[in-house]
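This briefing goes through one protein model by topic. Please have the sequence and the 3D view open while reading.

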Amino acid sequence: MAHHLLDEPHHDGSEQYVPVGVPRLGDVVPVRFRVPAGGTEREVWVRTVRDGEPRMEPARLDRVDEHERWYVADVPVHNPVTSYRALLVEPGGYRWLNGRGVHARDVPDAADFRLTVHEAAPAWLDDAVVYQVFPDRFARSSGHEGPPTGPLPDWALPASWSDEPIGEGPGTPTQLYGGDLPGIESRLAHLQRLGVDTLYLTPVFPSRSNHRYDASTFAHVDPLLGGDAAFASLSAAVHARGMRIIGDLTTNHTGAGHEWFARALADRTSEEAQFYYWQDAEPGYVAWLGHASLPKLDYRAASLARRMIDGPDSIIARGLREPYALDGWRIDVANMTGRYAADDVTHQVARTIRATMRAINPDSVLVSEHFHDAGTDLQAGGWHANMNYSAFTRPVWTWLVDPATTLDFLGLPTRIPRRDGHAMVDTMRDFDSAVPWNVTTHQWNMLGSHDTPRAHRRRCARGGVEVAAGLLFTYPGTPALFAGDEGGLTGRNGEHARVPMPWSQIDAGEDPGGTPPRSRCSGASSRCVARRGRCGRAVCGGRSSRATPWPTCARPPTNACSCSPHVPLVGCATAAPPAASGSRTGEPVRRGTAGGRPARPGSARRRAGCAGVAAAVTGIDTGTSTSPGTGPGVRGGGSASGPHLPTELAAQLRALGVGPGGVLLVHASLRAIGTVVGGAQGAVLALEDALGPAGTLVMPSQSWRLCDPQYLDDPQVPAERRDAVRDALPVYDRDWTPSRTMGAVAEVLRTQPGTVRSAHPHRSFVARGPAAADLLARHDLDDPVGEGSPLARVHALGAQVLLLGVGYDKCTALHLAEARSGLPVARVPNGAPLLLDGHRVWVPFEEPAVDDSDFLALGEAFAVTGRERSGQVGGTTARLVDVRELVDFAAAWFARTRVPRA
């Protein structure tokens, strides 16, 4: 009979075994151990290491049933990283239980379980799906197929979009396809159709290569990519869709053409000369792996730290502030940063970067690149997580690779070996055990990246890519895809894998497989991989070569949990312990509780396990979200009674009183609605279904980031930079400018074919339906929410207002009531970048100051009049009101309750 993991004692860092929370020094954390009923233990002890010395404490038997026994032991958090393991006293001896399993012998401390006082990665990473883009190869804003146009640098080797990437030799770093940031922005809808919510870009700084890891300055974005304004616009568009964006920075080295290095070479007494390591041997300075184009930085120079990583004026900080507002950094060759010969300040550098980021944006993430054993580096309180080559990519490759492969194994002088599932699991446990659990649950798990061969090129055994996708989306950690993997692009090494996205084929719904000479795909059918808890169909080496459309939804294998007759898929079988008396997950942390500082372990996906894979057959994500959802599957955190079909939502809306043929002004929260099939797109379809073809749907699509920085008074934009920021703001474009903080439903409506948008650059509305053009025909710059706005026409046409999962504080119609209250209203200066006679012009104007501070109180007063209809729609309460009744009531209420102000 095959051995089963559930037949062994077990412990890990999940909430079944360790209370949720980040402990503080001095806390005592109760940890739980599960022993199967057939175990022979007489006693269980916990061994901790305190100030370098082992200590033993007895565990107490907490609960017994016919299947297992549960023990609880107290672990004092005396050191920032506290290691522990269990001792099982058995007849004739003892066994140790640590992160690698059970051992009937003494073992070193390297694989002990760990409690850490260092904060985990931000909560949004728990449910993130990361999509990596190599900017030169993703999309051109021009859309043409030939070589890039316009002035090109002298180093560039121009390539047509259909050319095969150069995989080896001198042309590899200089082959330039001309992808740019506006091109990426124009294709964000593709990411959202996949269910991606986090965009990770490789570097965007000017350089002398297509990969841009050899920066010539950190002060600006490469003009070849569109420059500073294009990067700011992309970030705004990403955030408008409820997504996040992560940048890439090389802290280990600069390019040999960098302005700092030029000054250092010109004057060895200069401040910049201290930034680099110098040597007598050629080329006269230390370079990354001996490449003269990449001189290595020396962090013994305090002034280098101030410029690069430390404080509000550093490169790290500037990327997180507006106008770029990055949500985090990925640090290239992080394992080498701060290390050279006898120097090793890597952990200090990592902690400094994290502190700088925390001061600017406490919700930002810091990810390291480390191809090897990152265990020691990930315990130091610096990097939140690592690109998980060692604990995921490499072991998965060895299990699923075709034995006949000729591909090298990530820098080793040998081919990728074929190993069984036991070896894969053992490797994963070895590396996972070296880091705290709250790191494991946020590691970036990848099937490949811009530095590896493509998954399809590895010619997996039959069905292997489906299984790999199942692992990617269910294994603890954050799934990360390289652009093009969803359609089966191929490449024999990292450079050859940087294949331009075949948009002409994607747009035509074709499979790019078998397209010579690039051999983008294996010729097998492909489907996308998408949201957490979902895996995709991507047959590699399968029998079919029939063309299949590029993916728009997830479709996993139905047998993902029975892919091997020998070894169960990791995560398919889990044992959840019973809750201890008076506690959902066991005893609380005592003597200084950590319960108030959640560790965000990403437990929803781990609990889902293979259930999440099975649910993906329907294209539905059964998890919840901490941010507004935008993907094609289920998103949201409302009622658990879903998933809600668009037709069901439409029926609920009609029952509430949404009538066919009317005008409906909607404010909606997808997260509040709950699980919706089709996500934001499904919600829009439900609203349009309820209105019918004669109805008109209206939503706000404000782009207030185009306001004058002086008007916004954003503390993250220093006063001395506001003029420069204003001059860099992109021109308002009704079709292209994304909305900002309006939610996923409004953004989907904005991009829907046939939607009309009003002209105001800050306070625009979008509408779709017969009355759309009439509603949005007038929108005065100096009267964005008054008589010169679409709100006045909404009122004149007797529209309804629907508050779907939001309160009256989100109701823009109440600003019209402010204008009609008769109270004096102050006017404030503002402005916007507009296109006049083909030229960008900054147009100043004044607009009324608005105040929504009492909108909720007004809503309560209106509700008691009985003129509000409310009911359940999806997983939330919806409120439906007549706009005339609401505005007229509100205008009188404001006149009666507000203190007049000039």
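A residue counts as buried when its relative accessible area is under 20%, and as exposed when that area is over 50%. By this definition both Phe261 and Tyr276 are buried. The model is a predicted one.

**Overall make-up**

- The protein chain contains 24 helices and 32 strands.
- Of its 902 residues, 59% are buried.
- Among contacts with a separation of 6 or more, 71% are between residues 24 or more positions apart.
- The chain has an accessible surface of about 34400 Å², and carbon and sulfur atoms contribute 52% of that surface.

**Aromatic pairs and cluster**

- Aromatic rings are described in pairs by the distance of their centres and the angle of their planes.
- Searching the whole structure gives 23 aromatic pairs.
- One of these pairs is Phe261 with Tyr276, which is edge-to-face, with 4.8 Å from centre to centre and 70 degrees between the planes.
- Phe261 belongs to helix H4 (residues 259–266), while Tyr276 is in the loop between H4 and helix H5 (302–308); the two are 15 residues apart, and the pair links distant parts of the chain.
- Phe371 and Tyr389 have ring centres 3.8 Å apart and planes at 10 degrees, so this pair is stacked. The cut-off behind that label is an angle under 30 degrees between the planes.
- Phe371 is in the loop between strand E18 (365–368) and strand E19 (385–386), and Tyr389 is in helix H8 (residues 389–400), so the pair ties together parts 18 residues apart in sequence.
- Phe371 counts as buried because its relative accessibility is 18%, and the cut-off is 20%.
- Tyr389 is also buried, with a relative accessible area of 0%.
- A single aromatic cluster is formed by Phe205, Phe218, Trp260 and Phe275.

**Charges over rings**

- Arg85 has its charged end over the ring of Trp96, at 4.6 Å from the ring centre.
- Arg394 has its charged end over the ring of Phe409, at 4.4 Å from the ring centre.

**Helix H23 and its cover**

- In helix H23 (residues 855–863) the buried residues are Phe855, Leu858, Gly859 and Phe862.
- These residues span an arc of only 100 degrees around the axis, so they lie on the same side of H23.
- The cover over the buried residues of H23 includes helix H22 (813–819), strand E32 (876–882) and helix H24 (883–897).

**Strand pairing around E32**

- Strand E28 (residues 800–804) runs antiparallel to E32, and 5 bridges join the two. Within this pairing, Gln800 has Asp882 of E32 as its bridge partner.
- Strand E31 (residues 869–873) also pairs with E32 in the antiparallel sense, over 5 bridges. Here Ser870 stands opposite Arg879 in E32.
- E31 and E32 make a hairpin with 2 residues between them, and Gly874 in the turn has a positive phi of about 65 degrees.

- Glu282 and Pro283 are joined by a cis peptide bond with omega of about 5 degrees. Pro283 is placed in the loop between H4 and H5, and Tyr276 is in the loop between H4 and H5 as well.
- Glu322 and Pro323 are joined by a cis peptide bond with omega of about 10 degrees. Pro323 is in the loop between helix H6 (315–320) and strand E15 (328–332).
- Asp51 is not a glycine, yet it has a positive phi of about 55 degrees. Asp51 is in the loop between strand E2 (43–50) and strand E3 (53–58), and counts as exposed because its relative accessible area is 54%.
- Ala341 is not a glycine either, and has a positive phi of about 50 degrees. Ala341 is in the loop between strand E16 (339–340) and strand E17 (343–344), and counts as exposed because its relative accessible area is 75%.

Key:
Residues are numbered from 1 along each chain as its sequence is written. This is a predicted model: local features need pLDDT of at least 70, side-chain atom pairs count only at pLDDT 80 or more; totals for chains, interfaces and linings use all residues. Side-chain values use heavy atoms; hydrogens and water are left out. Rings of Phe, Tyr and Trp (its six-membered ring) pair if their centres lie within 6.5 Å; planes under 30 degrees apart count as stacked, over 60 as edge-to-face and the rest as tilted. Helices (H or I, at least four residues) and strands (E, at least two) are DSSP runs, numbered from the N terminus. Buried means under 20% relative accessible area, exposed over 50%, partly exposed in between (1.4 Å probe, protein chains only). A charge sits over a ring if NZ of Lys or CZ of Arg is within 6 Å of the ring centre and within 35 degrees of the ring normal. Contact means heavy atoms within 4.5 Å. Accessible areas come from the Shrake-Rupley method with a 1.4 Å probe; for residues, only the protein chains shown count as cover. The arc is that of the directions from the helix axis to the C-beta atoms. Two strands pair if DSSP finds at least two bridges between them.
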